[in-house]
Amino acid sequence: LQMLDREGMAKALLYPTIGLLWEAELFDPELSGAYCRAYNRWIADFCRDSGGRLVPIAHLSLGDPAEAARELERAVKDGCKGAFVCPFTISRVPHGDSQHDVVFAAAQDLNVPFAIHPTFEPSEWGLHHRYDRFQWAAWYYDLFAGQGVQHAFGTFFQLGVFERFPRLRVVVLESQAGWIGFFLDRADAIYTGTTLGATVRLKEKPSYYFKRQCYISADPDERTIAAMMGIVGEDRFFWATDYPHPDHPANYLEELREMIAPMSPSARRAVLGENVAQAYALS
């Protein structure tokens with residue numbers, strides 16, 4: 001709260017630290033669900049006396065979808081304003097699969113966003129384990145850390161989540177945002193211009209659903225966001241920092257000022273706070 005006062009911020013939405021670690025090493029759905037409940041109770045208590053300025057977000061595991069839906073309902077009643085999942089599932093069922101519909105239905109009915117947040121990943125499932133004796137290359141691994149989130153997000157389009165749940169809000173977090181232009185261009189081109197599009201369970205182009213139901217967070221050091229907002233829509237972006245994690249330095253406000261400098265006044269208001277308030281139904 002002192003940091004928010006010092007840096008001129010009204011509220012902060014809190015995503016996890018320890019939750020980035022344990023789910024990559026735990027494959028028991030019952031125990032995973034218990035870890036989620038423990039964390040969610042703790043984060044709700046941590047934020048409870050902040051006068052609404054610290055906003056708790058619940059961690060869900062998709063290993064047991066019915067339990068995840070029950071926990072989301074309990075956590076929202078306890079004060080949580082949204083939920084996040086890892087970029088992988090311990091069941092190896094794609095995120096957008098109908099087996100997870102009970103969770104999407106709960107998020108839609110509770111009017112809270114469903115987010116995908118990067119975490120550590122099981123090494124045998126990871127994207128970056130094709131080279132031997134390269135584990136020391138921390139910069140390289142962090143450079144591509146958001147790609148797992150992109151994969152998970154893509155399944156929502158392939159498997160028609162946005163068609164089944166037209167009021168579900170989906171948030172893409174901590175994976176940078178500049179790539180979304182390429183992602184949507186490529187998604188639309190394959191959908192409309194090739195036979196591959198016949199496998200996609202959507203009635204409209206992917207970009208239609210993104211602009212209707214999705215949000216994406218940008219790191220303050222990204223320089224392409226003003227241009228992306230002009231293409232994708234200024235109401236789809238907001239900023240987030242992972243500080244004080246080691247890959248995000250403390251000068252994020254300085255970087256943020258540089259990021260918003262080329263934006264119009266309405267785009268600045270949107271990315272600095274209005275879009276977050278809309279996505280998370282904050283007053």
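Which residue follows α4, and is its phi positive or negative? Helix α4 is followed by Gly79, and the phi of Gly79 is positive, near 120 degrees. The model is predicted, so local features need pLDDT of at least 70 and side-chain atom pairs count only at pLDDT 80 or more, while totals for chains, interfaces and linings use all residues. Residues are numbered from 1 along each chain as its sequence is written, and side-chain values use heavy atoms, with hydrogens and water left out.

Helices (H or I, at least four residues) and strands (E, at least two) are DSSP runs, numbered from the N terminus. Helix α4 (residues 65-77) has 13 residues. From its first C-alpha to its last, α4 reaches 19 Å, close to the 18 Å expected at 1.5 Å a residue; the expected span is 1.5 Å times one less than the number of residues. Among the buried residues of α4 are Leu72, Ala75 and Val76, where buried means under 20% relative accessible area (1.4 Å probe, protein chains only). The cover over the buried residues of α4 includes α3 (29-47) and α5 (101-110), with contact meaning heavy atoms within 4.5 Å.

Strand β7 (residues 214-218) is largely enclosed by the rest of the structure, because five of its five residues are buried. Cys214, Ile216 and Ala218 lie on one side of β7, and Tyr215 and Ser217 on the other. Strands pair if DSSP finds at least two bridges between them. Three bridges join β7 to strand β6 (residues 170-172), and the two run parallel; Ile216 is the bridge partner of Val172. Three bridges also join β7 to strand β8 (residues 237-239), again parallel, and here Ile216 stands opposite Phe237.

Conventions. Buried means under 20% relative accessible area, exposed over 50%, partly exposed in between (1.4 Å probe, protein chains only).
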